[in-house]
Amino acid sequence: MTMLTYGHRGFSGCYPENTMISFKKTIEEACADGIELDIHLTKDDELVVIHDEKVDRTTDGTGFVKDKTLAELKMLDASYKFPQYKGDEAKIPTFEEYCQYISTTDAVTNIEIKTNLVYYRDIEEKALKMVRKYNLQDKVIFSSFNHSSIHFMKDLDRDIPCGLLYPDWGMVNAGYYAHKLGVEFYHPDIKTLTKEAVDECIMNGISLNVWTVNDMESLKKCVEWGITGVITNYPDMVKDYLSAKGLN
Ligand code: G3P
Ligand code: CA
């Protein structure tokens, strides 16, 4: 049995989250199998990679992404907790910059459509168009806490892999629900995930990618339960453990 390792917002335990340096280090330093990232739309309709709806926490700016142009966002420093990496690779990346880079690798990308608090009209169509432009259809999984974004994505392309994200309370019939919708993955929070929920998914043919697996106890549990992939801030630690166990 093997398990896939995804860098959560890139290699965010050691590099500024959701930046090109974080993404490149996930692949080139931690040798992870994939990357998880978050997308939003700017005022001038450009797809950008950032976690929050506002720039305040992770940059030196203030305000909503939706109220700023790409040029305005590009002026900001997103080195956040790791100022030693300040520079061009620690700015807010466009989704296109990311796709261009990742298309040169074999990595899988979990694209979280961040439509929880702000709904960006047509973000699903724009993201799919970009994925197709770089021929990444077989190397992506779209996910969202806002399941309407997943419905819209599946309406655009039945074959594009998608995952249903759940916060810590999870869902009792997640596997059955995903199966009925034609969705391939369930993305639960490790904090409250149970063996019963995992088994219910597996029974329904649904694979699990679990977040955010940052400690050994959680990682061992995921291995024991037959989880498909883990999303972690420390892809180096997860890869080292899985390699030692012959699980990747
Ligand atoms: O996609 C898994 C995880 O990233 C969801 O939570 O808040 O880190 O985007 P969050
Ligand atoms: Ca995310």
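Okay, let's start at D157: at 14% relative accessibility, this residue counts as buried. By buried I mean under 20% relative accessible area, by exposed over 50%, and by partly exposed anything in between, using a 1.4 Å probe and the protein chains only.

Before I go on, this is a predicted model: local features need pLDDT of at least 70, side-chain atom pairs count only at pLDDT 80 or more, and totals for chains, interfaces and linings use all residues. For bookkeeping, residues are numbered from 1 along each chain as its sequence is written, chains are lettered from A and ligands numbered from 1 in the order in which they are written, and side-chain values use heavy atoms, with hydrogens and water left out.

Back to D157. A salt bridge here is a side-chain nitrogen of Lys or Arg within 4 Å of a carboxyl oxygen of Asp or Glu. For D157 and R132 the N to O distance is 3.2 Å. D157 sits in the loop between α5 (147-156) and β6 (162-165), while R132 belongs to helix α4 (residues 123-133), so the pair ties together parts that are 25 residues apart in sequence. Those labels are DSSP runs numbered from the N terminus: helices are H or I with at least four residues, strands are E with at least two.

How many salt bridges does a search of the whole structure find? The count is 17. D77 and K86 make one of them, at 3.9 Å, N to O. In that pair D77 is buried at 16%, whereas K86 is exposed at 58%. There's also a network of salt bridges linking R9, E17, D52 and R57.

Oxygen atoms of ligand 1 have polar side-chain atoms at 2.8 Å from E36, at 2.8 Å from H51 and at 2.9 Å from K114. Taken alone, ligand 1 exposes 290 Å², and the protein buries 91% of that; accessible areas come from Shrake-Rupley with a 1.4 Å probe, and for residues only the protein chains shown count as cover.

Next, the metal. What coordinates the calcium ion, ligand 2? E36 (OE), D38 (OD) and E112 (OE) do, at 2.1 to 2.3 Å. Donors are N, O and S atoms within 2.8 Å of the metal, or 3.2 Å for Na, K and Ca, and water isn't among the atoms, so sites may look incomplete. Along the chain the donors follow the spacing E-x1-D-x73-E. E36 lies in strand β2 (residues 34-41) and E112 in strand β4 (residues 108-113), so this pair ties together parts that are 76 residues apart in sequence. Both E36 and E112 are buried.

Last stop, E112 again. Its relative accessibility is 4%. K114, also at 4%, counts as buried. E112 and K114 form a salt bridge, with the closest N and O atoms 2.7 Å apart.

How values were computed:
A polar contact is a pair of N or O atoms within 3.5 Å; within protein, one must be able to donate a hydrogen and the other to accept it, and residues adjacent in sequence count only if both atoms are side-chain atoms.
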